[in-house]
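Student: Could we go through this structure together, starting with strand pairing and then turning to the backbone?

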Amino acid sequence: MLFRTALPEAFTELFHRYKQPIYGFFCRRVPDPANAQELTQETFFALLRAASRYEPRALFRTYLYAISFKILRAHRRKAAFRAAFLGHRNSVPDPSKQDTTESRMWVRRAVEKLDPIDREIVMLREFEQLSYSEIADLLRLPLNTIRSRLFRARTALRELLDPSTAAASSEAQKASPAKVSQSAVAPGARKGFRL
Amino acid sequence: MALLDGELRVDRSLFVSAHIADCSECDKTTDSVRNVSTSLAKWTVPNMPVSIEDKVLRSLSHIKNLRTNEFLSGLRRLQSLQAVLVSGAGLVTLWVFFGLNSGRHYRVASKIAAERDLPVDNAAPMASSPTSRATLSERGRNPITGRDNADSQYYVHKIPFQAQPGYAQLETQQPPMIARTVLLSIVVKDFDAARASFDAILARHNGYAASLNVSTLQGSARTLQASLRIPAPQLAAALSESKALGRLENETQNGEEVTQQHADLLARLKNSRETEGRLQDVLRTRTGKVKDVLEVEQELARVRGEIEQIEAEQKTLEHRVEFATIDLKLAEEYKAQLNTPAPSVLMQLRNAAVNGFRSAFESLLALVLFLAESGPSLLLWLAPLGIPGWRLWKRYRRAQ
């Protein structure tokens, strides 16, 4: 409520509190850090524009992540449109700005192999530290679906991050890359909820 | 899993923790999940650049200005609202002012017109004076057709003439002949009863209907329009009874003096008869050539024809004198009627089914006709346009 009434002071406080989580949210989902910066900025601008309409029906954090999700979806849609119809390729990450640490790259690749919904759930839980009910509100999924999918995602990640499993997987990838790319295609992407 | 995420209640959490302490398999699972979280925690992101931070915080000052602008625009909106209200009030004042003035002018004009106009009910008594006769003659225009009543076939009749002193010297000794026509417009509640009363009035006063027209239009009141011929002496009684049929909406009485016309006819008739007599004398007493005799006979035949024509006109005029004309318009008070009762449910179902089958067949036929007519063109254009579109859509789906 303070955010709606005393906007500048409250916004400054909220910005300092959430700037890094929101930037991290976009950095982990968008390959190009420049795009992540732009989307972060856009999220806070959207928050400012919508301040007069804010109603505290849920946690502010959920509200902010909902805005971020909308902006992320719009960005992905535009990128897909540009790639499909205008011939622009999806933004290729600049190697100099990419995660250079091997462990980071390993984790990123493992997470990218997950089903899109499972990936979002596990990322919201692990990185954004949202509770199950917040994730359910945000993704508009039942709470038990969140629980089961989180378990499935963690199990999959355990297998993907296990070095022995990873080595086997790497060999299999070298042997038949088409198969791996096929497995990387999200089965959940065809189930109605699009991320 | 929920234990590690802190989503369990305290009692459940204690219970599960105790179980994990005892169960090696669960302990192993917990460790693996914890390892996953630890591994994921390695995916860190750099701090947000200060430039973005500055840019966002700078926008705050813009928002402050925006708020000030909003305040100013709100003030302007308020001012414009006030301007609209003031303009509206001014318009209402002008309207009231001019409306009152025009109403006053209208009332004054109506008053003047009423003073100038003659009351219609007083037309009969006023006809006894020469002035009133002149007025009646001026007003003797048919309000419906706009033509002079003298041009129409309105009947005339003789009315008792109370001559003013000295008037007898001005006019001939004949009583004046005044054509009386009355226009009545009456609204009745019970049309059928009024129609019966109307027939009874006609029979009682030995009148007849020269024309009668009853119209019953759907969604409107019934009307009767009739042209009645009533013997002149009974006109007043017939009028009063007709007025009692319902609410009188309009009454117009006209009188036209045709005495001069009648006198002219008499004079022409007298002259023609004298001419005829002289011609007969010539034919009887004088002798001459056959050509002259034939000419006299021709002239006699012409005069004879003229006499018969004048006599017919005289008879018609005198016959018309005996009857007055009442143009009566009876209108029923309009009562909205409910629609005719709907047909039965079965009939409605049957009609709906028939209509449904018909429309289905028609739509199928229209589709077949459309395909037959446009199918080749569609196929022709589908190949060059549809296939690239389909490929683009596939690419779009893949890119997403």
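**Strand pairing and backbone angles**

Tutor: To begin with the pairing, strand β3 (residues 208-215) of chain B runs antiparallel to β4(B), with 7 bridges between them. Two strands pair if DSSP finds at least two bridges between them. Helices (H or I, at least four residues) and strands (E, at least two) are DSSP runs, numbered from the N terminus. This is a predicted model: local features need pLDDT of at least 70, side-chain atom pairs count only at pLDDT 80 or more, and totals for chains, interfaces and linings use all residues. Residues are numbered from 1 along each chain as its sequence is written, and chains are lettered from A in the order in which they are written.

Student: Which residue is the bridge partner of N213(B) in β4(B)?

Tutor: That partner is Q225(B).

Student: And how many bridges link β4(B) and β6(B)?

Tutor: There are 9, again antiparallel, with β6(B) covering residues 323-332. Within β6(B), L330(B) is the bridge partner of L224(B).

Student: Is β4(B) mostly covered or mostly open?

Tutor: Mostly covered: of the 9 residues in β4(B) (223-231), 7 are buried. Buried means under 20% relative accessible area, exposed over 50%, and partly exposed in between (1.4 Å probe, protein chains only).

Student: New topic: what is the phi of N206(B)?

Tutor: N206(B) is not a glycine, yet its phi is positive, about 60 degrees. Most residues other than glycine have a negative phi. N206(B) sits in the loop between α8 (191-204) and β3 of chain B, and is exposed at 53% relative accessible area.

Student: Where does Q129(A) lie?

Tutor: Q129(A) is in the loop between α6 (116-126) and α7 (132-139) of chain A. Q129(A), also not a glycine, has a positive phi of about 60 degrees, and counts as partly exposed because its relative accessibility is 45%.

Technical notes. Side-chain values use heavy atoms; hydrogens and water are left out.
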